[in-house]
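Please consider the structure displayed below.

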Amino acid sequence: MAGELNNLCSLEILDLTGMEIIGDMTMLIEGLSSQCARKKLLELNLSHNNFTGALLNSIRRFTSLRMLDISFNNLIGSIPPGIGNLTSLVSLDLSDNDISGHLPTEVMHLLSLASLDLSSNRLSGSIPAEIGVLTNLTSLVLRNNTFSGVIREEHFAGLISLKNIDLSSNYLKFSMDSDWLPPFRLESAWLASCQIGPLFTSWLQWQHKIIEFDISSTGLMGKIPDWFWSTFSQATYLDMSQNQISGSLPAHLGDMAFEQLYLSSNQFTGPIPPFPRKINVLDISNNSFSGTLPPHLEAPQLQTLLMYSNRIGGNIPQSICELQLLGDLDLSGNLLVGEIPQCSEISYNILLLSNNMLSGKFPAFLQNCTGLQFLDLAWNMFFGSLPAWIGDFRDLQILRLSHNTFSGSIPAGITNLLSLQYLDLSDNNISGAIPWHLSNLTGMTMKGFQPFSGVSMSSGLVTVEVSCQLGEILLISTKGKQLPYCGG
């Protein structure tokens, strides 16, 4: 490699992104630093390769570098103190490696730095307060490490240019004075799993420009302050799930700009207001909402609606059929009554309606849902026979119809469900012979899966508790959640 580097004296940009290079980072950096190339090199991009080894202190020799990106490799070791010599750096990205140790205080010398990304490593210890002198820093991304300690005002004292911050999935605690005025106006803040609560910290009310905001699992308790909804009314992404927030939602929620809104696993009560008109993902599951669904669901972009484990009653409104992009619907664990609207224009992928008081025959409109993967109608009052076309769901993985009053025989076509991994028809009035060729259900006989001896599914998309005859529980991810299956 050294011979190849002899011709790099005039090189200003070295971009080896995604070249699938396998090698020791030590050899490359030492080779470059011993050549005249380091004197003029402005950008060094080695991301998405298979570099190993450590980032040595010799990196300090690249004093002209403005951009250094070694993300998505297999680097180990610590960030060398010599990183502070790279005073011309505007962008530093060491994310998605296996770097450990502390963030050196020499970061204070990188006064030109606008973007710092050290996410998805094994960095630990406290974040040095010296980071607060980086007045040009617009993006600070430290998520998914093991940083700990307290974040105070001095960490942000000089960050007047900060627009994006991501400290999620660490062990950090925010402790700011109630009268502290932040010097920045954020556009995105990802603070999941940081300790912010129990009260909503007052400095957030000055962040009127936030578009994306995640404060899930942050220990927040009690009611949302009056200023909150007006401050974040222009946000398109808001995640406050996994807290202990109480109170009701604002009546004018429908006028807000949310496209994705996650409020699950809190203590919200009261009625459900009209949906935000631009919403495409709405999750208010596992709360104590009551009343009925809004009669007019005016959310034409809605794709995922999760409202399980609440106290929502009444009928499912006919206007749900106007949500033609709706693919994932979970209304399980509520008090819904009546028949399911026959939405011929909707093609569900996931339809979970268990643990309600719904009635009627097997929904005929489902014949159009050729991509259906999960269907759960258990613990309702459905009746009548199962349709012959039930075997047309070639992608169906879970079919749960137990604890209803379905009658008649099991359609022979059910043996065509080649993707089926779980079937429950128990506690109905089904009679007759079990169809031959159940061995066609190869999804149940795949290597790595075993038959179920008993199942206790929660009312919702989040968890499925499976009791296996053999093997262990295998977690399968779907829609960002984890579903356990029996593994061999």
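In this predicted model, 21 aromatic pairs are present. One of them is formed by Trp190 and Tyr237, whose ring centres lie 5.1 Å apart.

A second tilted pair consists of Trp227 and Phe228, with ring centres 6.2 Å apart and planes at 45°. Trp227 has a relative accessible area of 18% and is buried, as is Phe228, with a value of 0%. These two residues also belong to one aromatic cluster, together with Phe200, Phe213, Trp229, Phe232 and Phe258.

Thr201 lies in the loop between strand S14 (188-190) and strand S15 (212-214). Leaving aside neighbours within four places in sequence, Thr201 is in contact with Ile196 and Trp227. The relative accessibility of Thr201 is 15%, so this residue counts as buried, the limit being under 20%.

In soluble globular proteins, nonpolar side chains tend to be buried together. The largest nonpolar core here comprises 126 residues, of which Phe228 and Met240 touch the most other members. Two or more residues of this core come from each of helix H2 (25-33), strand S11 (146-151), strand S13 (171-174) and helix H3 (228-231). H2 supplies the largest share, four residues. Apart from this core lies another, of five residues, including Ile350, Leu352, Phe374 and Tyr422.

What does Met240 contact, leaving aside its neighbours within four places in sequence? The residues in contact with Met240 include Phe200, Phe228 and Trp229. Also among them are Ile215, Ser216, Ile224, Ile245, Tyr262, Leu263, Asn266 and Phe268.

Phe268 provides the link to a sheet. Within strand S20, Phe268 is the bridge partner of Gly247. Strand S18 (residues 244-247) and strand S20 (residues 267-270) run parallel and are joined by two bridges. They are part of an open sheet of four strands, ordered S16-S18-S20-S22, with parallel pairing. Strand S16 (221-223) and strand S22 (288-289) stand at the edges; each has a single partner strand, so one side of each is left without a neighbour in the sheet.

How values were computed: Residues are numbered from 1 along each chain as its sequence is written. This is a predicted model: local features need pLDDT of at least 70, side-chain atom pairs count only at pLDDT 80 or more; totals for chains, interfaces and linings use all residues. Side-chain values use heavy atoms; hydrogens and water are left out. A nonpolar core is a set of buried Ala, Val, Leu, Ile, Met, Phe, Trp, Tyr and Cys residues joined through side-chain atoms within 4.5 Å. Buried means under 20% relative accessible area, exposed over 50%, partly exposed in between (1.4 Å probe, protein chains only). Contact means heavy atoms within 4.5 Å. Two strands pair if DSSP finds at least two bridges between them. Rings of Phe, Tyr and Trp (its six-membered ring) pair if their centres lie within 6.5 Å; planes under 30 degrees apart count as stacked, over 60 as edge-to-face and the rest as tilted.
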